[in-house]
Amino acid sequence: MPTTPPTTACVDVLCAYLQLPFTPDPGDDSAHQEEHHRYLAFRKVRHTILRLIGDHYRRPRGTHRSWQGCDLDLTGVTFDAGLMSFKGAAFAGSTVSFMGATFSDGMVSFNEAVFSDGFVNFAGATFSGGMVSFSKAVLSDRVNFARATFSDGTVYFGSAAFSDGVNFDGARFSNCRVSFNNATGPAPQGLLAALGTPAPAEVVLPASWSPVP
């Protein structure tokens, strides 16, 4: 009987923990002290797991403790407060899901991350506060932002490299600063249609992507 590789099993367990129901911070007033401390404890564990994921996906594939090539399921996970760094991580040769995830408060860095040779799914994700940065990231093959919601906060794709496989069909933009400044490659599928004409003032596009007036 085939068995699950230990590394894959470890990743699956960590993802399952992150997908446990998220309870927002009830505040630190005296009436909610117990719930507040429980929230802080769970948040510390979640942030530690996310830091571990970033660290292991940065390690070159095939080297000790590398998780590159393993599927990663962060469907519905909430990224809140603090700094979460996936800088330089390589999500390559696997299926990675941020589908329905919520990015709120703090900063999440995908700077210089590589999304290639697989499927990375941000479909239905919500970017609603704080900052999420894909600066100098490589988005090739299938990277999906379909039906993602960009509201409040800042999302930065500055100097990112795009390929034909990136999809923004049905994405929604509202009061969110989104910059594609100096991005290279073709405009993502569905992006210009999702922005409308004229594009919102808070969205910065490279000249080569700007719709013809």
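## Ground rules

Helices (H or I, at least four residues) and strands (E, at least two) are DSSP runs, numbered from the N terminus. This is a predicted model, in which local features need pLDDT of at least 70, side-chain atom pairs count only at pLDDT 80 or more, and totals for chains, interfaces and linings use all residues. Residues are numbered from 1 along each chain as its sequence is written, and side-chain values use heavy atoms, with hydrogens and water left out.

## The pocket

Let's start with open space. A pocket here is an open set of points on a 1 Å grid over the protein atoms alone, where a 1.4 Å probe fits, with protein on both sides within 12 Å along at least five of seven lines; lining residues have an atom within 4 Å of a point. Grid points are joined across faces, edges and corners, and a volume is the space filled by probe spheres set on the points.

On that basis the largest pocket holds about 270 Å³. It has 17 lining residues, and Pro21, Phe22, Thr23, Phe42 and Arg46 are the closest to its centre. Helices α1 and α2 each put at least two residues into the lining, with α2 giving the largest share at 6 residues. Sorted by class, the lining has 10 nonpolar, 3 polar and 4 charged residues (Ala, Val, Leu, Ile, Met, Phe, Trp, Tyr, Cys and Pro count as nonpolar, Asp, Glu, Lys and Arg as charged, and the others, Gly among them, as polar).

## The core

Next, the nonpolar core, meaning a set of buried Ala, Val, Leu, Ile, Met, Phe, Trp, Tyr and Cys residues joined through side-chain atoms within 4.5 Å. Buried means under 20% relative accessible area, exposed over 50%, and partly exposed in between (1.4 Å probe, protein chains only). The largest core has 55 residues, and those with the most contacts inside it are Phe103, Phe110, Phe115, Phe122, Phe145, Phe150 and Phe180. The elements that give two or more residues to this core are α1 (6–18), α2 (33–58) and α3 (191–195).

Phe145 shows what those surroundings look like. Leaving out residues up to four places away in sequence, Phe145 touches Phe122, Phe127, Phe134, Leu139, Phe150, Phe157, Val166, Asn167, Phe168 and Ala171, where contact means heavy atoms within 4.5 Å.

## Ring pairs

Rings of Phe, Tyr and Trp (its six-membered ring) pair if their centres lie within 6.5 Å; planes under 30 degrees apart count as stacked, over 60 as edge-to-face and the rest as tilted. By this rule there are 39 aromatic pairs. One of them is Phe115 with Phe134, a tilted pair at 6.3 Å centre to centre and 50 degrees between the planes. Phe115 sits in strand β8 (residues 114–116) and Phe134 in the loop between β11 and β12, so the pair ties together parts 19 residues apart in sequence. Phe115 is buried at 1% relative accessible area, and Phe134 is buried at 0%.

Phe150 and Phe168 have ring centres 6.2 Å apart and planes at 25 degrees, so this pair is stacked. Here strand β14 holds Phe150, and the loop between β17 (166–167) and β18 (172–174) holds Phe168, so parts 18 residues apart in sequence are tied together. Both Phe150 and Phe168 are buried.

## Ser128 and Ser151

Ser151 belongs to strand β14 (residues 149–151) and is buried, with a relative accessible area of 18%. Beyond four places in sequence, Ser151 touches Phe127, Ser128, Gly129, Ser174, Asn175 and Cys176.

Ser128 is in the loop between β10 (126–127) and β11, and counts as partly exposed at 27%. Its contacts, with neighbours within four places set aside, are Thr102, Phe103, Ser104, Ser151 and Asp152. Ser128 and Cys176 are 48 residues apart in sequence, with 7.9 Å from C-alpha to C-alpha.

## Backbone spots to check

Thr197 and Pro198 are joined by a cis peptide bond, with omega about -5 degrees; Pro198 is in the loop between α3 and β20 (203–204).

Asp105 is not a glycine, yet has a positive phi of about 65 degrees. Asp105 lies in the loop between β6 (102–104) and β7 (107–109) and is partly exposed at 48%. Lys136, also a residue other than glycine, has a positive phi near 60 degrees, and its place is in the loop between β11 (131–133) and β12 (138–139).
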